[in-house]
Amino acid sequence: MSTKKQDMIASFEEGLEKLERIVSEMEDSKLPLEKLITHYEQGTKLLSQCDIKLKEAEKKIEVLRSKTENGPEFEALESEQ
């Protein structure tokens with residue numbers, strides 16, 4: 001599924017906001033069938049992009065978690081007495 005660069009969301013929050021707006025319009029108004037289909041198509045694209053953003057965040061968290069679990073190794077300092 002190819003999406004134009006200008007149609008890509010910048011953040012998960014942006015995508016979620018747009019998706020909520022689309023769903024609200026579909027629920028609250030009496031849109032003609034063609035407009036409902038267009039909104040549905042836009043919504044599925046946004047949902048897919050939000051899913052990608054979530055998966056990217058999950059990967060980053062896994063990397064950070066593995067760095068924390070393996071953590072840096074510290075050598076004990078000799079005390080001066």
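Because the model is predicted, local features need pLDDT of at least 70 and side-chain atom pairs count only at pLDDT 80 or more, while totals for chains, interfaces and linings use all residues. Residues are numbered from 1 along each chain as its sequence is written, and side-chain values use heavy atoms, with hydrogens and water left out. Helices are DSSP runs of H or I with at least four residues, strands are runs of E with at least two, and both are numbered from the N terminus.

**Nonpolar core**

- The largest nonpolar core has five residues: Ile9, Leu19, Ile22, Leu46 and Cys50.
- Two or more residues of this core come from each of the elements α1 (12-28) and α2 (33-70).
- A nonpolar core is a set of buried Ala, Val, Leu, Ile, Met, Phe, Trp, Tyr and Cys residues joined through side-chain atoms within 4.5 Å.
- Buried means under 20% relative accessible area, exposed means over 50%, and partly exposed lies in between (1.4 Å probe, protein chains only).
- In soluble globular proteins, nonpolar side chains tend to be buried together.
- Isoleucine 22 is in contact (heavy atoms within 4.5 Å) with His39, Gln42, Gly43 and Leu46, leaving aside its neighbours within four places in sequence.

**Histidine 39**

- Histidine 39 belongs to helix α2 and is buried, at 5% relative accessibility.
- With neighbours within four places in sequence left aside, histidine 39 is in contact with Ile22, Glu25, Met26 and Leu31.
- The side chains of histidine 39 and glutamate 25 make a polar contact at 2.6 Å.
- A polar contact is a pair of N or O atoms within 3.5 Å; within protein, one must be able to donate a hydrogen and the other to accept it, and residues adjacent in sequence count only if both atoms are side-chain atoms.

**Serine 11**

- Serine 11 sits in the segment before α1 and is partly exposed, with a relative accessible area of 24%.
- A polar atom of the serine 11 side chain lies 3.1 Å from the backbone nitrogen of glutamate 14.
- Serine 11 is 39 residues from cysteine 50 in sequence, and their C-alpha atoms are 8.0 Å apart in space.

**Salt bridges**

- The model has four salt bridges, each a side-chain nitrogen of Lys or Arg within 4 Å of a carboxyl oxygen of Asp or Glu.
- Side chains of opposite charge can pair when their charged atoms come close.
- One of the salt bridges joins glutamate 14 and lysine 18, at 3.1 Å from N to O.
- Glutamate 14 and lysine 18 are separated by about one helical turn because they are four residues apart in helix α1.
- Glutamate 14 is partly exposed at 25% relative accessibility, and lysine 18 is partly exposed at 31%.
- Aspartate 51 and lysine 55 form a salt bridge whose closest N and O atoms are 3.1 Å apart.
- Aspartate 51 and lysine 55 are four residues apart in helix α2, so about one helical turn separates them.
- Lysine 55 has a relative accessible area of 45% and aspartate 51 one of 35%; lysine 55 is partly exposed, as is aspartate 51.
- Glutamate 62 forms a salt bridge with arginine 65, with 3.0 Å between the closest N and O atoms.
- Glutamate 62 and arginine 65 are three residues apart in helix α2, so about one helical turn lies between them.
- Glutamate 62 is partly exposed at 44%, and arginine 65 is partly exposed at 43%.
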